[in-house]
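Please give a brisk report on this model. Cover its sheet, its helices, selected loop residues and its salt bridges.

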Amino acid sequence: MCGISALLTNKLNHKNEFISYIEKMNHCLKHRGPDFQNYWLDENKGVCLGHTRLSIQDLSANGNQPMLSQNERYVLCFNGEIYNHFDIRKKIEKNFNNEIHWRGTSDTETLLKSIEIFGLENTLNFLSGMFAICLFDRKKLKINIAIDRFGEKPLYFGNVDKAFIIGSELKVFKAFKEFNNQVDRNSLDEFVRYSCIRAPRTIYKNIFKLEPGSMFEISLDKILSQNIDINFLNKKQFYKYWWKPKDVIIKNRDKKIKDYEKAKIDVENTLFNSVKSQLISDVPLGSFLSGGIDSSLITALMCKNSKNKINTFTIGFSEDSFDESKYAKQISKILRTDHHEAILSSRETLSIIPDLMNTYDEPFADSSQIPTILLSKFAKNNVKVALSGDGGDELFGGYNRYFWINRIWKYFSWLPFEIRMILGKILSSANPDKINYLYYFFSNNKNLDKFFGQKAIKTFERLKYVKNIEDLFISLTTEWNWNDKIVVDSNNKKISLYEDFEELRSFNFIERMMYWDTINYLPNDILCKVDRASMSKSLETRAPFLSEKVYEISSMLPLEMKIKKNNGKVILKDILKKYIPSHLIERPKQGFGIPLSSWLRTDLKDWAETLLSPNTIKNQGYFDNNIIQRYWGEHKNGRFDFHNKLWPILMFQSWMEHN
């Protein structure tokens, strides 16, 4: 794991100016790479590449970057891990009769040699790993950047004044005194609705983020001449996708595995091999163990792969209703891991909120960012690498909306829209605790989901404006109705579930939802959250579910092997039962939550009151003040729970305060 920065401009007058800027940019990324920092400069060409290193493989100077290829044609800055790089070395050696002389054992050197021999795009297709790449071709005078299949590693690019900048985080852009890029109101509108900003957008105009599985190539003369429209993402001559999950799904639509026992064996073996490949490390590693299905299965397979005890890490909370650490502890005992647990008070958790903007340097509002930062900080005391269960929900059907949406729509779709609106208004005003009581009283399932009442209220709220099942799904992924014009002067159009994948219209609706989450929610929310949280503590995280081979096998499973009778991740649970008793598996999905709703009425009330003051909102001019005050007032008095609507507003306001 590392930090990438690059500066391309012909407007600097002296070598020392380049060095001054690139050192500032590197300093902004020191948390991503505290072990070594360096740069490569050709002031005559107007190119400077910087790098900060977190040493994981080959801890010697042979792995330092920027790295120059042996033929001196390419300069590479690389962030991430290539898990199969020794296999790629064998492929290279076979082509050259073992005449290759390696300087060390780093995956960076392997990557660079493969690019030198096979070219960048061919190399990308060889890779199994997570990565962001910035490559300068000194012969053709071109810059290439690319990121991994699922977007685990970030890479931003864009203009600041008369310079073209590339960086692992937006911090590098703000290292320039000339930085004055304006807030993009359409990005802000999207952020408020989804709690994150979807690539290729960022919060700033004229700065973009690479999308998963994408790359672009651009000549140096176009950049330096400024004869280029920065919004060139729409120009196919620059930008392309080297990998798309859609292609995998379509390819395997008629290759479904029909035998369930065979499917279980195939999935377990594929996951086992993915975990095995991701244990490659020259530093201590462990796993995040939440007690849920995904992290428990990854940890079990790590134990199966290792002769030594695996380090596992869990944090819990003093608020019992949000604490799952007891389950993680029981699972760790069964798996015989070296378990590390920290139980945090509200005060410890609340203390990091003022610093969130230093970790997420554009607005980000998935509140599980807070425990993720705390978990990363805790794990870093013992290890430098941690494996996680991220991706299991999207690939194997873990989110509640996948198995509730058809049932909800079946109950209400027969009613005319006008009647649904009235019913939604009545039901959404109910008390969540009373709904919980009725659910527990009448349900055959006595294993109560304690958040059922809140989830029901949100569903009833959506009945007021959803017209079809697509509307219902989109509404389940956002807290705001598209009719609410919360951001002033934004002109976003309502997002369509069929955006960018017309070919999947014939697929089951749940499969389309899972695909949507894979290309949107997973990279822009989940992976962004984990990357920024862990890297802020100089901790590398790895996600074995996000192997291309795991995705391949998941696309070959019939839906009923993933979701059956309102039960998600069916096949993963059945595999996990080999390692863990059923009673620890068959529990309601909880997520990584904190009591944010009550905190906004107590410990965080004064903080929120200041950020949401009418004068502040009006003077900034970004939000409709009447809407903000209405929801804040109703949340404060305890009648409704609007913390999910308010948290993105508060995160933006806090971000503005720090910028």
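The report below takes these topics in turn.

## Basis

This is a predicted model, in which local features need pLDDT of at least 70, side-chain atom pairs count only at pLDDT 80 or more, and totals for chains, interfaces and linings use all residues. Residues are numbered from 1 along each chain as its sequence is written, and side-chain values use heavy atoms, with hydrogens and water left out.

## The sheet

An open sheet is built from 6 strands in the order 4-5-6-7-11-12, with antiparallel pairing. Strands (E, at least two residues) and helices (H or I, at least four) are DSSP runs numbered from the N terminus. Two strands pair if DSSP finds at least two bridges between them. Strand 4 (67–68) and strand 12 (239–241) are the edge strands, each pairing on one side only.

Strand 7 (residues 142–147) pairs with strand 11 (residues 214–219) over 5 bridges, in the antiparallel sense. Within this pairing, Ile-145 has Phe-216 as its bridge partner in strand 11.

## Two helices

Helix 3 (residues 107–118) lies across strand 4, strand 5 (74–82) and strand 6 (129–137). Helix 3 runs at about 130° to strand 5. Axes here are lines fitted to C-alpha atoms, for helices over the stretch in contact, and angles run from 0 to 180 degrees between N-to-C directions.

Helix 19 (residues 469–476) is mostly covered, with 7 of its 8 residues buried. Buried means under 20% relative accessible area, exposed over 50%, and partly exposed in between (1.4 Å probe, protein chains only). Among the buried residues are Glu-470, Asp-471 and Phe-473. At the start of helix 19, a side-chain oxygen of Asn-468 comes within 3.1 Å of the backbone nitrogen of Glu-470.

## Two loop residues

Thr-337 sits in the loop between helix 10 (325–335) and strand 15 (338–344). Thr-337 counts as buried because its relative accessibility is 9%. Its side chain joins that of Thr-312 in a polar contact of 2.8 Å. A polar contact is a pair of N or O atoms within 3.5 Å; within protein, one must be able to donate a hydrogen and the other to accept it, and residues adjacent in sequence count only if both atoms are side-chain atoms. Beyond its neighbours within four places in sequence, Thr-337 has contacts (heavy atoms within 4.5 Å) that include Thr-299, Cys-303 and Lys-309.

Asp-282 lies in the loop between helix 8 (260–277) and strand 13 (285–288). Asp-282 is partly exposed, at 47% relative accessible area. A polar atom of its side chain lies 2.7 Å from the backbone nitrogen of Asp-58.

## Salt bridges

A salt bridge is a side-chain nitrogen of Lys or Arg within 4 Å of a carboxyl oxygen of Asp or Glu. By this rule the count is 28. Glu-169 and Arg-32 form one, with closest N and O atoms 2.7 Å apart. This pair links distant parts of the chain, 137 residues apart. Glu-169 and Arg-32 are both buried. Both also belong to a salt-bridge network with Lys-153, Lys-171, Asp-361, Asp-531 and Arg-532.

Arg-149 and Glu-548 form a salt bridge at 4.0 Å between the closest N and O atoms. Arg-149 is in the loop between strand 7 and strand 8 (156–160), Glu-548 is in helix 22 (residues 548–555), and they are 399 residues apart. Lys-251 and Glu-552 meet in a salt bridge of 2.9 Å, N to O. Lys-251 lies in helix 7 (residues 245–251) and Glu-552 in helix 22, so this pair ties together parts 301 residues apart in sequence.
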